[in-house]
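User: I've got this one open on my screen and would like to talk it through. Can you walk me around it?

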Amino acid sequence: MPLWRRKSFWLALSVSWLLLILLGVFPLRLAVPPGPLPGCSQGWPRWLDAAFLQSFSQSETLPKDAPQLSQAPRGSSCTWGACFDTSKCKGNALKIFAHSPAGTTTEAHRRILDSLEGSRYYALSPTEACLHLFLPSQDHTCGPLPPYWNGGRNHLVLSLYPAPCTRLGQAMVAEASPSLDIFRPGFDVALPYLPEAHPLQGGAPGQLQQHSPQPGATLLAVAEEKGRWRITDTHASTCPWGKHCEQDPGLHQTHPGETLPNATFCLIPGHRSAASSLLQALQVLTALRDMLPSKILSLRQQTQFLWTAYFSSVEKVIHTTLEIIQDRIWGTSAHPSLMWNSPPGALLALPTFSTSLKDFPFYHLQQGSSPESSFSALIWVGVSSEPLLKLIQVVAGSRYCAQILILWSSEKPPPDRWPETTVPLTVIEGRRKASDRFFPYGDISTNVILSLDAHSTLSTSEVDFAFVVWQSFPERMVGFLTQNHFWDEARGAWGYSTEMANEFSMVLTTAVFYHRYYHTLFTHSLPKALRTMADDTPTCVDILMNFLVATVTKLPPIKVPYGRQHQEAVPLAAEGPGPVPEPQPLAQDCFSRVAAGFGHMPLVSSRVRLEPVLFKDPVSVQRKKYRSLEKP
Amino acid sequence: MCASVKYNIRGPALIPRMKTKHRFYYVTLFSIVLLGLIATGVFQFWPHSIESSGDGGVEKRSIKEVPVVRLPAASPIPERGDLSCRMHTCFDVYRCGFNPKNKIKVYIYPLKKYVDDAGVPVSSTISREYNELLAAISDSDYYTDDISRACLFVPSIDVLNQSPLRIKETAQALAQLSRWDRGTNHLLFNMLPGGPPDYNTALDVPRDRALLAGGGFSTWTYRQGYDVSIPVFSPLSTEVALPEKAPGPRRYFLLSSQMAIHPEYREDLEALQAKHRESVLVLDKCTNLSEGVLSVRKRCHQHQVFDYPQVLQEATFCVVLRGARLGQAVLSDVLQAGCVPVVIADSYILPFSEVLDWKRASVVVPEEKMSDMYSILQNIPQRQIEEMQRQICFSSNLQEKRTFDVATGIIFGIARWFWEAYFQSIKAIALATLQIINDRIYPYAAISYEEWNDPPTVKWTSVSNPLFLPLIPPQSQGFTAIVLTYDRVESLFRVITEVSKVPSLSKLLVVWNNQNKNPPEESLWPKIRVPLKVVRTAENKLSNRFFPYDEIETEAVLAIDDDIIMLTSDELQFGYEVWREFPDRLVGYPGRLHLWDHEMNKWKYESEWTNEVSMVLTGAAFYHKYFNYLYTYKMPGDIKNWVDAHMNCEDIAMNFLVANVTGKAVIKVTPRKKFKCPECTAIDGLSLDQTHMVERSECINKFASVFGTMPLKVVEHRADPVLYKDDFPEKLKSFPNIGSL
């Protein structure tokens, strides 16, 4: 046995002996304190006879079948089930008819009616409607009630500003800041109190410019009378990132401005005089200061999302109200809560498409799912032409291609024979309207669409690479050729350019990857006026689709490289897979009309192009996966 | 067998090898000593434990011995419940105060036995469930035994079931509680309210301002935001274990299992069964069961006998119909079976509806539409496929079926998850109730919708990006460059000079990581147009590079090594522009890749010229400063210490962190260059380079095991300016100087 082992063995042995002796001589009296342990005995006792306790329902004899069958609503209180007849809504679709307002038609009334007409819920006649809109007058004359009143059943009394006469019969009430005593949850709708100058359409997006608060921004501003603000003098920067603040804050400075102060939190007390005592009593400041940065970060962003999605214009407020009512009619197949509460919001996520969040392009992350691994090519054929066969071969050559759909929009009948392809090829007869391109055809079997024109010239490599990029950005459009928008000072309107530039904000939809959902959104959510315009002006569809996707994503599309050889192949159209001349006056006009129709400019510019990792790098071509993208 | 094998394997390792003869003696000697030790120990403890259980009777007592309280007939009765009560009117939040843990303190009154003047007990002392409930509260973090510090009081007077209660006397018993004060901040639990003939939907015991956690509220009695709607506990939950069943088609489409159903409703149900023979099953109580069979556990259809609740697992939808009371224990059984409840009880407030999203777990059908129930249920997936049908082309049955299964599959999962989390035990019900009240009092610390409603499987796979708002920060903000340096002053000064040329730089921060040497004097530093600050660190740690310094005022941070001098001003400015478009990602220059090594069965680090990227080196990378906070305070496991101990891989750790929290890939910008980077400094010796690669690979494997997953995302793209290498006049390009050098 080695010496060290023997030594350690003896050591262990002697230590054990010593311990044994020690324990024998000095008994460990402290091991268990006499009497009950302090702390343990104070809780709810563990009864010795707990096993003999009876179940609470044991003594209950099953109540004999004695339910009263009808429980008449008490008083004027209404619930959704009791006071709204959903069977009047055919196919569960909400259709609302607006009766002329009681009393004089005010500006507020007109704004409500305007935004209603643009919505997909608008009914032209009272007979097809299942909800009747009644706009109460601002004075105290409560009548006359509209025809079809029926005790107020299936009626919505809507008032953007507090009105004296809103609680009428069984009608639902949507009004600004209702009090808790009269508000019927699940039946009435609470509206925000809008300023009179609130824009009708579009509206300014949230003013938040950065995700996290500016260091040095005031922690809390308290609203006072006459639009003044009182701000705390402790700056957020003295309490950085979760450390505890030593300094005791006070309320000192008064912000004289009429505008909102630059503070992380704003407190708008119901009773303004009570503000400062409220602050002290509830220790609001301490609670706010101790709030985790992650929480503040998410609160800030959520305010902006809610504002942009539901509050920024009168139209959005009205549409949100109707969407809430539509959700009640739909019941189980209404918007899941997450759709309401995460971008882009319930007005842009249609549950008619699916109630499963995984089917939408923008919820993959929250759902822990990944976008699909194959696409459908949708080729629009206006005039039959030679390159079509080549295009089919190029697309079918991609290993991600699942099917090819030919959207035949030509006057000529489609040919009987199509080239042999490895993937299924389907021909769809279009209605010869430009918006056919974005119709949600049932034949589309994948979530990803590669939208193409018969003229498009692409290589398989380009298709493959663009698709792989799309998988990283499933909510955006990924395209090859781009355009840029700008504010035309001379015309005093928005314009766009197809020239090569350092920036872009639109991709041509004649060669672009995007999610199938945008077809549904295009067809079912765009105001009719805009869609009709798109039907009449073919170049317009492209613009319209870009506007729509930008409204949803709030982000620019993605541009991927497009080989120069194609550009040479079509000499006159240096810009595109299809011949795209400089925007015609007609198209420019369309652009500004679409912009006006949206009420704001949703397009966002980008200065980035995404390329294969080794694109044009000085390394052997053999190493590169997308070689043909680099052909001179 | 097993044990002996184990011994043989472990034996030699434990006992030092020695000569066999000696060995025997030693082992015996050791054993004796050990035995002695154990014996002494036992003797030390034995007598005391007997003593303590002798006089410590508080822990183990009999319910029969609880103190008796006599209630005089004239003692005060509380007012009836106040229907207008809300948290801000009837609840005293000041009692809860501000507390750093954001947890309310709950006190439980000691158990008493109440008798009237004549000495007749007011009720049976306590039910099994209420005892469990109080024990659960007592064991929770909410509990306090200090009545003066409590903000919520729970009487030990059992009112779970109203039937055996003497209403007036129970109310008197409540009123004499030491802190009653009109019932303010008192919480009562009741699952079976009302009594014949009209069965009120809330507890009839006058209770003034007390909060009621009730199991059968209707919209008329429920005080929104004040009361808490709770389930009616089903004792079957503890008796029968129903294994979770995979979602999918089940034998019956619709099943009704309740026994006490109003004749009119039963007629409706039986009409449904007559119409849809195979898919609808309506059960009733069994009339001719043999002796000794538990009638609660059997259901019959004509002469066929079914086991209850097992039969619930055979159906897709299960009817939960109101009886005399709105709340039914069958709801709990149905959820446990993973059957989707079809709730038919007008004006019923579903359990925990303040926080639970019942749309995701149930179907509510108005009573008057009961006869249409079948078609309503069949239409559930219909709307999703409606669009496909509306189109010109046919929709195949296959497609229809798939959509259906997906949709109901989701509901199945949620129903079962609701049961597991909030229904399955009295403890779960009690804690959910307290959590709801806690969330009202500390709303800023409240549990989120997702935490309440998403099953753990969803929580596991889903990612909630902390920077979820699509937002392109304004260019004017600029970025803060952070240079980590030790003692390479000359190189550092060159980096400072180069970086200062970037238009959007707004501040430069030098993190001086050398404790043995002072940074150069102020006059020696390069003069640049933006503020330059030097931070000295207490320890030479790599994590210092990612500390959320107060000096960082911009959202964008450029982490740059003190030897990165080869990036042009155009490249850096462009990197910042790319970051603005992708502010939730790491945007960096040198890209790296992780690969699965099939031979070694583990991850491998790759720095070759690959077509893919999954990481960027933080020797030159832009990112949001929030990630500094996450790195410093929220890095999982011991990764931070590992990095500091190994003096390596801080960049890989950052890549893991960002990818894990955002679910997104990095963005590599601009073409590849020969970088002066860790891998490249070791050009002199190939072996050194290899050691480095091995170490980096080890880091990846270590981090993947700490994160429990591989969060890195592999992409095949990098970012360049729109006109990069395009045939376009160079001078008109925004970023002409890219990739040169």
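Analyst: Let's start with a term: buried means under 20% relative accessible area, exposed means over 50%, and partly exposed is in between, using a 1.4 Å probe and protein chains only. The model is predicted, so local features need pLDDT of at least 70 and side-chain atom pairs count only at pLDDT 80 or more, while totals for chains, interfaces and linings use all residues. Residues are numbered from 1 along each chain as its sequence is written, chains are lettered from A and ligands numbered from 1 in the order in which they are written, and side-chain values use heavy atoms, with hydrogens and water left out.

User: What percentage of the residues in chain B is buried?

Analyst: Chain B contains 21 helices and 26 strands; both are DSSP runs numbered from the N terminus, helices being H or I with at least four residues and strands E with at least two. Of its 741 residues, the buried part comes to 57%.

User: Which Thr does Phe189(B) contact?

Analyst: Contact means heavy atoms within 4.5 Å. Leaving out neighbours within four places in sequence, Phe189(B) reaches residues including Tyr130(B), Leu133(B), Ile230(B) and Ala430(B). The Thr among its contacts is Thr433(B).

User: Is Phe735(B) buried or exposed?

Analyst: Phe735(B) sits in the segment after strand E26 (717–721) of chain B. Away from its neighbours up to four places off in sequence, it touches Arg607(A), Asp570(B), Gln573(B), Phe574(B), Glu577(B) and Pro721(B). Its relative accessibility is 9%, so Phe735(B) counts as buried.

User: And what is the relative accessible area of Ser256(B)?

Analyst: You'll find Ser256(B) in strand E9 (residues 252–256) of chain B. Not counting residues up to four places away in sequence, it touches Ile261(B), Leu269(B), Leu281(B), Val282(B), Leu283(B) and Val319(B). Ser256(B) is buried, at a relative accessible area of 1%.

User: Which residue takes a positive phi in the hairpin of E21(B) and E22(B)?

Analyst: Strand E21 (residues 591–597) of chain B has five of its seven residues buried, so it is largely enclosed by the rest of the structure. Two strands pair if DSSP finds at least two bridges between them, and E21(B) pairs with strand E22 (residues 602–606) of chain B in the antiparallel sense over five bridges, with Asp597(B) opposite Lys602(B). E21(B) also pairs antiparallel with strand E23 (residues 615–616) of chain B over two bridges. The hairpin of E21(B) and E22(B) has four residues between the strands, and the one with a positive phi near 60° is Asn601(B).

User: Over in chain A, which strands are at the edges of the seven-strand sheet?

Analyst: The sheet is open, with mixed pairing, in the order E13-E12-E11-E14-E19-E15-E20 (chain A). Strand E12 (residues 401–408) of chain A pairs with E13(A) in the parallel sense over five bridges, and Leu405(A) has Thr426(A) as its bridge partner. The edge strands, each pairing on one side only, are E13 (425–429) and E20 (558–559) of chain A.

User: Which residues of helix H13 (residues 528–536) of chain A are buried?

Analyst: On the other side of H13(A), Lys528(A), Ala529(A) and Asp536(A) are exposed. Cover for the buried residues includes helix H14 (538–553) and helix H16 (585–598) of chain A. The buried residues themselves are Leu530(A), Met533(A) and Ala534(A). Judged by the directions from the helix axis to the C-beta atoms, they cover an arc of only 100°, which puts them on the same side of H13(A).

User: At roughly what angle do the axes of H12(A) and H14(A) cross?

Analyst: Axes are lines fitted to C-alpha atoms, for helices over the stretch in contact, and angles run from 0 to 180 degrees between N-to-C directions. Those of helix H12 (residues 517–525) of chain A and H14(A) come within 11 Å and cross at roughly 105°. That makes H12(A) roughly perpendicular to H14(A), the word for 65 to 115 degrees, whereas under 35 is roughly parallel, over 145 roughly antiparallel and the rest oblique. So the crossing angle is roughly 105°.
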